[in-house]
Amino acid sequence: MSKLAQRHQQVIGFLLLAVALAALPWVAGLIGNSWVRILNIALLYVMLALGLNIVVGFAGLLDLGYIAFYAVGAYVYGLLASPHLTDNFETIATLFPDGLHLSIWLMIPLGALIAALFGVLLGAPTLRLRGDYLAIVTLGFGEIIRLFLNNLNAPVNITNGPQGINMIEPVQIAGVRFSRTVDLFGVEVPALHLYYYLFLALTLFIIVVCMRLQNSRIGRAWTAIRDDEIAAKSMGINTRNMKLLAFALGASFGGVAGAMFSAFQGFVSPESFGLMESIIVLCMVVLGGMGHIPGVILGALLLAGFPEMLRQVVTPVQEFLFGSVLVDAEILRSLIYGLTMVLVMLYRPAGLWPKHK
Amino acid sequence: MNIPLFSATHLKKSFGGITAVDDVSLSVQPGQVVGLIGPNGAGKTTCFNLITGLYAPDEGQFEFKGKTYKPASPHRVAQMGLARTFQNIRLFKSMTALENVAVGMHGKTRQGVLGAVLRTPAQRREEKRVHQQALKWLDYVGIGAYSNHLAGQLSYGDQRRLEIARALASEPALLALDEPAAGMNATEKLKLRELLLRIRQDGTSILLIEHDVKLVMGICDEVIVLDYGKVIAQGTSTQVQQSPAVIEAYLGGLHHG
């Protein structure tokens, strides 16, 4: 085949994919709006998995506390887009008499930046650790962040403790508020769909960043560190800086996802950021194929979509078969989840869609 | 007297009660090939690890290109122009041969995150140069045909060559090779010898740890013999071969037997 024809095919494939992605929420919306919601959550997980993939997949640093950065992003947005700070701090209230209403274009980078800062804070003391030891320390870090969020309501109420932060404003772009159905050029677009497009845009941005980083001097340095740290050092790579960079970049994607989660839900509490969440995101990376971007995306979509699908299917099927619900969907979910992970580790230890050369 | 390209004086390193390197001094003149030989466990690799910053020395001074340096971090030593290979091959196994060499160029390239994400013209130029140079180095050591093979899939001899290519990619002034001929057959050794001579001819000095006495004696301008962490002989290959201390270390003295 000539190069031009190949190029043509690529363009056509790309356009088809774009149309499919654009039409997806409308198709899902036909079945039910809850499915658009599931899509949105799945996109958030894709962002998280891609961020964790930089740390675990590219640089080979096992991180079990990754959800902390998601929490940081979520609380940064939550605090800056809700009346919580103005209610509790007089100085802030006098500074912003109309409340904090920051632009989303400021909030997303801010969430990313602060999460990246926490990434460096975590990374710095763990530079000498690898493997299991690193996993334990990062696990502790994740729990510490959650406990802080849970307890920082006294003596000064910063996080509102276990009650979490309420009344978080939805995203607002160019005067369009993502809170109800809006009329865009004569088309009625529900808020859920608007979020879908925003999340999709952010996800695509993150994918491009990840792909370009992987095929660059930085990406090669990360892979070198993952394969053999001593050799990497001896080749002139400043492993300390490269590891911190991986932590910071990975965390920043988590921060963006967190900020979006916060805006989407309108409510955040420490409960959403437990150890189990960290493990689920790690499972997505491992299931898909560590270090392989398409694999990681697949893993995230499967593991994010699967429990929801189960929830929708299990109850009606059991009612139809047995007349009553024998096994709760939640229990079945954990069962299948665990079994899948065991089977994948046994038969496809490199993941469902690993990189192959 | 010429200023040596590299010198290490009075190196000392002990692990627990064992003194692995005891008051070793060595130097390399520009354009020289210096051999470091000795029986197993004599402290040769420890010397290398001290020089390249993997171990912190208990005592000793280091000088490179007329400047003293503290080998505190391996990446600084590498960026200074002192590249090395490893006795037990340490390639990046999940990367292709070409990518391995590209990693060797890390210190010679500059592009960071922004360049990579934005694909700036400068970044693309640099990537192109990295690609071309890496291919050049693979050809230089004679494995250009395997540029897209994973490093772990290459034959043992080729892996050793790839390590040399990766080290050469940083354009070092001094190349430190830790047993490059280990596990090679006679033909491969002959090719290696040619390669080493060519490297020297092209202006890179070599510090060579090697067990193959024939190889060492054939190409080294100077040979240093270590035993139990101490220098027991030093000089040209002929001088060293006639030293009674060396003969005893290698063949065992009468009192042993």
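**Contacts between chains and between domains**

Colleague: What makes chain B a chain of two domains, and where do their bounds lie?

Modeller: The assignment for chain B gives domain 1 (1-81 + 174-257) and domain 2 (91-171); such bounds come from an automatic or database domain assignment. This is a predicted model, in which local features need pLDDT of at least 70, side-chain atom pairs count only at pLDDT 80 or more, and totals for chains, interfaces and linings use all residues. Residues are numbered from 1 along each chain as its sequence is written, while chains are lettered from A and ligands numbered from 1 in the order in which they are written.

Colleague: How many residues does the contact take from domain 1 of chain B and from domain 2 of chain B?

Modeller: Two residues are in contact if their C-beta atoms, placed from the backbone, lie within 7 Å. The contact takes 10 residues from domain 1 of chain B and 10 residues from domain 2 of chain B. The centres of the two domains, taken over C-alpha atoms, are separated by 27 Å.

Colleague: Which element gives the most to the side of domain 1 of chain B that touches domain 2 of chain B?

Modeller: H7(B) does, with three residues. Helices (H or I, at least four residues) and strands (E, at least two) are DSSP runs, numbered from the N terminus.

Colleague: How many residues of chain A and of chain B does the contact take?

Modeller: It takes 22 residues from chain A and 30 residues from chain B. On the side of chain A that touches chain B, H9(A) gives the most, with seven residues.
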